[in-house]
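Dear colleague,

I am passing on the structure we spoke about, and I would be glad if you could look through it before reading my notes below.

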Amino acid sequence: SHTHDHDLLTTDTHVQVLDQIDDGIASIEAAIGRRPDLFRPPYGQLDAFGEQAIAERHLSLVLWSVEAGDMQDPDENAMYSSLVEQLDYAGGGLVLLHDVKWPTVHALARLLDWLDAKKFSVVDLPTYFRATREHPQPYASRKELEDARGAAWRKAHPPT
């Protein structure tokens, strides 16, 4: 679920937050006959009240680690280059794209070809969650992870 109207939940009242979450769940359930179990907050923002609300509804929070910025900049080439740089640097990740703009669709097609050529695996969310649960990150914090990524990047890309 992604709410009903894509409101920025951190600026809504508590009643509005609950309505957005519950109406989004109800709409999905009405459309596909199954209650969603994943939740991605609009703009990736959720405060403590919103976190509690999705936990009470037994929804798993899904965010991303790689973003194209496709809603701000429709340049297909810049989008593709940014995605490649981020994925190459991080060694993979969860990519946020929006399928409502053609440049994004074209950049995705190019990105999938690049991922295939680099032997990356493209997986669905359940597979991703299973793999990360079986092999959790060995880092205590986001900073520690980013420092390790930076060191690995510098080692693999020495200055010329």
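What follows is a short account of helix packing, salt bridges and a surface patch.

Please keep in mind that this is a predicted model. Helix H1, residues 14-32, packs against helix H2, residues 48-56, at an angle of about 35°, and their axes lie 10 Å apart. The crossing of these two helices is right-handed, and the contact is made by His-14, Val-17, Leu-18 and Ile-21 on the H1 side, with Phe-49, Gly-50, Ala-53 and Ile-54 on the H2 side.

Across the whole structure, a search finds 6 salt bridges. In one of them, Asp-22 pairs with Arg-57, with 2.5 Å between the closest N and O atoms; because Asp-22 lies in H1 and Arg-57 in the loop between H2 and strand S2 (60-61), this pair ties together parts that are 35 residues apart in sequence. Asp-22 is partly exposed, at 32% relative accessible area, whereas Arg-57 is buried, at 16%.

Another salt bridge joins Arg-110 to Glu-76, with the closest N and O atoms 3.4 Å apart. Arg-110 belongs to helix H4 and Glu-76 to helix H3 (residues 76-90), so here the parts tied together are 34 residues apart in sequence. Salt bridges with shared partners also join Asp-22, Glu-56 and Arg-57 into one network.

Finally, Leu-108, Leu-112 and Val-122 make a nonpolar surface patch of about 240 Å². Val-122 sits in the loop between helix H4 (102-117) and helix H5 (125-134), and Val-122 counts as exposed because its relative accessibility is 59%, where the cut-off is over 50%.

Definitions and conventions: Residues numbered from 1 in each chain as written. Predicted model: local features only at pLDDT ≥ 70, side-chain atom pairs only at ≥ 80, totals over all residues. Heavy atoms only, no water. Patch = residues over 30% accessible without salt bridge, like charges linked within 9 Å, V, L, I, M, F, W, Y side chains within 5 Å. Areas by Shrake-Rupley, 256 points an atom, 1.4 Å probe, with all protein chains shown as cover. Salt bridge = Lys/Arg side-chain N within 4 Å of Asp/Glu carboxyl O. Helix = DSSP H or I, 4+ residues; strand = E, 2+ residues; numbered from the N terminus. Buried < 20%, exposed > 50% of the residue type's maximum accessible area, 1.4 Å probe, protein only. Axes fitted to C-alpha atoms, helices over the stretch in contact; angles between N-to-C directions. Left-handed = near helix turned anticlockwise from the far one by under 90°. Contact = heavy atoms within 4.5 Å.
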